[in-house]
Amino acid sequence: MIKRLSHFRTQLLVFLAVVGPGIITANVDNDAGGIFTYSNAGATFGYSLLWTLIPVTVALIVVQEMVARMGAVTGKGLADLIREEYGFRMTFLVMVLLLIADLGNTISEFAGLASGMSVVGVSRYIVVPLGAALVWVLVVRGTYQSVEKIFLVACLFYIAYPLSCFLAHPHWADAIKGTVVPYVRFDSNYLYVLIGLVGTTIAPWMQFYLQSAVVEKGVKLKDYRLSRWDVIVGCIMTDVVAFFIIAACAATIHVTGHGQIKDAGEAALALRPLAGRAASYLFAFGLCNASLFSACILPLATAYYVCEGLGVESGINKRLHEAPSFYALYTTLIVLGALAVIFLSPEKQIPIALFSQVINGMLLPIVLIFMLRLVNREDLMGDYRNNRTFNIIAWVCCVTMIVLTLVWFVSTFFPGHLPA
Amino acid sequence: MIYFTELEHLPVFDVKGEYLGSLADLCVDPSQNALRVASYLVKTPQKGILCITYTQVQSISVRAVQTSTTLDQVSCYAPDEGLLQVKKDVLDQQIIDVNHRKVVRVTDVDFDIQPNDGHTELRIVAANVGVAAGIRRLLQGAVSKHRIRALSGLFPSKTIPWEFVNLIEPDSSRRVKLRISYDRLAELHPADVADILEDLSRDEQKAVVESLDDETAAEVISEIPTEMQAALLESIPSEKAADIVEEMPPDEAADVLQEMTPEASAEVLADMESDEAKDVRTLLGFEEKTAGALMTTEFIVVGEEATLEGAIEALRNFDGNLESVHVIYLIGADQVLTGAAPLARILLAESSTPLRDLSTDEVISVQAHADQKTVVDLFHKYNLVTLPVVDERSHLLGIVTADDVLELVVNRR
């Protein structure tokens, strides 16, 4: 009897233990950069970018499932695999590129914090240093774990978006049309936002984080099926939230002709139908929560995988003298991120946040190519290699992003050469 | 001293000065000599790979490799699992640094050039893992070797002498061919070995554990986190797993088996010796998070009438872990727990003293079904090192030791 009960409980515990990396990654995915990107997409282009969500969700599920599978089968992190199979120099170059991207992402988290608090009238000169110090202490002192639950609960804030969306009485016909009918313009602005949309949803750093989290959890091959569901549910959650942020902004901001989002106050307008005058406070709360949450995870994850790739000692449980480069890297990311936001004028905050997501999108193909080559290796993955469908989807995603980046480049620096 | 980064891609010439190809890799044959480079793999312009034995090498420098042979005397490369290839098997792979007790990744390899008997040999000296090695890898081929040496000299160099390097090879037959043994690793404290294991992937963990003897393996596995223990034991054949689990203290064994899948733990229990299996099954029968689940069945007990000699006899016959014995428990005629004689007092007593006199006045014990918080509180309140666990009729079932309680307290934080 006890054996049977404990068996069921073991299964449940296994499910709960394995559920986690995917759901958490999903919520961290909706960070300040994400909120701004989605809000901007809806405000500037209305419903016409909604169609990207379905292909992006599919691509996200495929990509994340691949990294989770690689983690479960090889028991090694992505940076480790790249180092072992491609050598030091290649790893170093990739790490440098990703470091730059992640510095941009860190800046956008602090920009989110600054923007959010500026809505309630607190100056960034106070908020950003405090926020940076808070994040650093939470993570380094190891008390982050206890706070993680609070962050996750506060993520319930995202329910505000679907509610607000319905209350705004959007033009559902347009919304549905926008969701299923692809609409591509070759102008620089549109492509920029499109690349940013993909980049914020399928961020390169998240793939490293997820694979390491799966390895850390010690997900066994047979439990891997459950972790697959965790990944799928997480991805769908992310993109449902994205959908409603875009739709809410389209229904409120775009419709009134506001156009591009310039500060948090404008982005908050999307929540007016739900919260009325309190919309800005509600938005500020959600934005700050998302920013702090991601600021706790992103720079740390970056420090981890960069140290892993370069073969340097890492670990938040180690003392400073045991893992000096790790702590130095982590602290530098936080400090530079915070400084950048303190010295940037408020008008530049959101454009920089948007740009950091665009960089994510442009670097995505590079990471994808490595992933695809590794996940198809028989000596690494055995029977768990990619099947043809996954390969096609991932390669299509990769090629599409490269093409979009090139087209954007041409349309920005050599305008007029492309059809409208 | 010459580095692999300087040796790679070196032009190789035959005895007439004709260009044969560029140096692609170096092979060591551990069955002959663990340090000497036995053959040199050369990539020809036609994309073939030649294999030059070490006796055919006349001289080596940072500029070129000069052989004493001609093309027709050189054989083609045939892959051989018994050979250790530096670029393929060592560079950028993880190794165990037995001296510093950690897992590191090899960035470069140091060699010594030794003239010997008409030819020149290369011998492995150390694995190089520092920043200087990283600089050499980065600039390799892009900048002149002389400048790379100057630049990398500015940065700290960290090397691990080859005798402290333990390669990690998941394939057991290859381990035998390459003469990889973890003897040195086995000499480290189990907790240190456990730390090293935590840094390895599951296949690599399996490789190390399979190479250790059962007792050492049991000690090491006891020190790694429970989920990892279960995963590891499930991945090795159940007879070996049973051998290892038998060597573990029964309470640890019960914990691990509980964590494993029911099928796997049933298999392991079936393969264990019946006495050991019986002890473990008893412990598994207790509900989790109770005193019964925490306790071990390894303790020393003698009749309360026994003397010092009886105690020493019991100690001699004890086949559990002697280091964890602090107290000898005494039972009365009806097998009821009546006393606890601390080892220190026994040491100081006269040989004819009955142990009953050495026992503490009141024996503090706990019921098997009590929850673990009660256990922790008792330890704290009475400053205990071990706590006997009894059933409703005060029969001694087992003891809870301080290390298990410490683990509870640490995990709760």
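I began with the pairing of β16(B) and strand β17 (residues 327-331) of chain B, which runs in the parallel sense over three bridges; strands here are DSSP runs of E with at least two residues, numbered from the N terminus, and two of them pair if DSSP finds at least two bridges between them. Within this pair I found V302(B) opposite L330(B) in β17(B).

Before going further I noted that this is a predicted model, in which local features need pLDDT of at least 70 and side-chain atom pairs count only at pLDDT 80 or more, while totals for chains, interfaces and linings use all residues. Residues are numbered from 1 along each chain as its sequence is written, and chains are lettered from A and ligands numbered from 1 in the order in which they are written.

Next I turned to chain A, where I looked up 19 helices (DSSP runs of H or I, at least four residues) and zero strands. The radius of gyration of chain A, taken over C-alpha atoms, is 21 Å, close to the 22 Å that the globule rule (2.2 Å times the number of residues to the power 0.38) gives for 420 residues, so chain A is as compact as a globular protein of that length. The C-alpha atoms of chain A fill a box of roughly 60 × 55 × 45 Å along the principal axes.
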